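Subject: Structure for your files

Hello,

Here is the structure I said I would pass on. My notes on it follow below.

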Amino acid sequence: MDIRELSNVKEGYEMPMSKTVEAKREELIQAARLLGENLSRRSFGERGPDLNVTLADLEGFLRPLVQAMAGGFLAVSASEQAQRLAETLPCPTCGRECSRADHERTLTAAEGPLTWSEPVCHGEHCERSFFPSANRAED
C-alpha cells in the first residue's frame with residue numbers, strides 16, 4: 001500500500017508547520033548535509049571515490065542509505081504520533097469505548113518502505129474495527 005493513499009492531504013498542499021518547526025527544519029537540513037559529507041568520507045575515505053566511479057554509481061550507492069534514513073524517520077515519527085492517542089477511544093458507529101492496540105504495518109512512501117506500529121481499535125459491541133484519527137488525540 002502506498003502511504004499517499006492513506007493521507008488526508010490533497011496533492012500540492014503543504015503541511016502547516018509552526019515557525020519553530022520550520023526553523024528546526026532548516027537546522028536539520030544543514031545537519032543532513034554534514035551527515036552526507038561524513039557518509040562519503042566513511043564510504044570512500046578522505047581522497048573520495050576512485051576516478052572510474054560515475055555520478056550514476058554514486059547515486060545508486062546513496063539511494064538505499066537515503067531510503068533507510070527516510071524509513072527510520074517516518075516510522076519513528078508516525079509511531080510516536082500514534083502513541084499520543086488515548087488508550088481507549090469511542091467507536092465511530094456505537095460510541096462505546098474501545099481499547100487501542102498496535103498492528104505492525106509496512107507502507108511504501110516516496111522515499112521507500114517503512115514499517116510502523118499502526119493503532120487500531122475494535123468495537124466489541126458492534127464488531128467494527130477502525131483506525132483512530134488524530135482528531136481523537138489527547139493532545
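**The nonpolar patch and helix α3**

Helix α3 (residues 55–82) supplies the largest share of the nonpolar patch, namely five residues. The patch is made by L35, F61, L62, L65, V66 and M69 and covers about 510 Å². Patch residues have over 30% relative accessible area and no salt bridge, with nonpolar side chains (Val, Leu, Ile, Met, Phe, Trp, Tyr) joined within 5 Å. A salt bridge here is a side-chain nitrogen of Lys or Arg within 4 Å of a carboxyl oxygen of Asp or Glu. F61 lies in helix α3. F61 counts as partly exposed because its relative accessibility is 43%; buried means under 20% relative accessible area, exposed over 50%, and partly exposed in between (1.4 Å probe, protein chains only).

**Basis**

This is a predicted model, in which local features need pLDDT of at least 70 and side-chain atom pairs count only at pLDDT 80 or more, while totals for chains, interfaces and linings use all residues. Residues are numbered from 1 along each chain as its sequence is written, and side-chain values use heavy atoms, leaving out hydrogens and water.

**The chain as a whole**

The chain has three helices and four strands, in the order α-α-α-β-β-β-β from the N terminus on. Both kinds of element are DSSP runs, numbered from the N terminus: helices are H or I with at least four residues, strands E with at least two. Of the 139 residues in the chain, 19% are buried. The chain exposes about 10,700 Å², of which carbon and sulfur atoms supply 54%; accessible areas come from the Shrake-Rupley method with a 1.4 Å probe, and for residues only the protein chains shown count as cover. Among contacts (heavy atoms within 4.5 Å) with a separation of 6 or more, 48% are between residues 24 or more positions apart.

**The sheet**

The four strands form an open sheet in the order β1-β2-β3-β4, with antiparallel pairing. Its edge strands, β1 (88–90) and β4 (128–130), each pair on one side only. From one strand to the next the twist averages 50°. Two strands pair if DSSP finds at least two bridges between them.

Going through the pairs:

- β1 and β2 run antiparallel and are joined by three bridges; L89 has C98 in β2 as its bridge partner. Their hairpin has six residues between the strands, and G95 takes a positive phi near 85° there.
- β2 (residues 97–109) and β3 (residues 112–123) pair in the antiparallel sense over ten bridges. The bridge partners in β3 include W116 for R105 and L114 for L107, and A109 stands opposite G112. The hairpin of β2 and β3 has two residues between them.
- β3 and β4 also run antiparallel, joined by three bridges, and H122 has S129 in β4 as its bridge partner. Four residues lie between β3 and β4 in their hairpin, and E127 in the turn has a positive phi of about 60°.

**How helix and sheet meet**

Helix α3 lies across β2 and β3, running at about 15° to β3. For this angle, axes are lines fitted to C-alpha atoms, for helices over the stretch in contact, and angles run from 0 to 180 degrees between N-to-C directions.

Regards

Technical notes:
Patches are made of residues with over 30% relative accessible area and no salt bridge: like charges are joined within 9 Å, nonpolar side chains (Val, Leu, Ile, Met, Phe, Trp, Tyr) within 5 Å.
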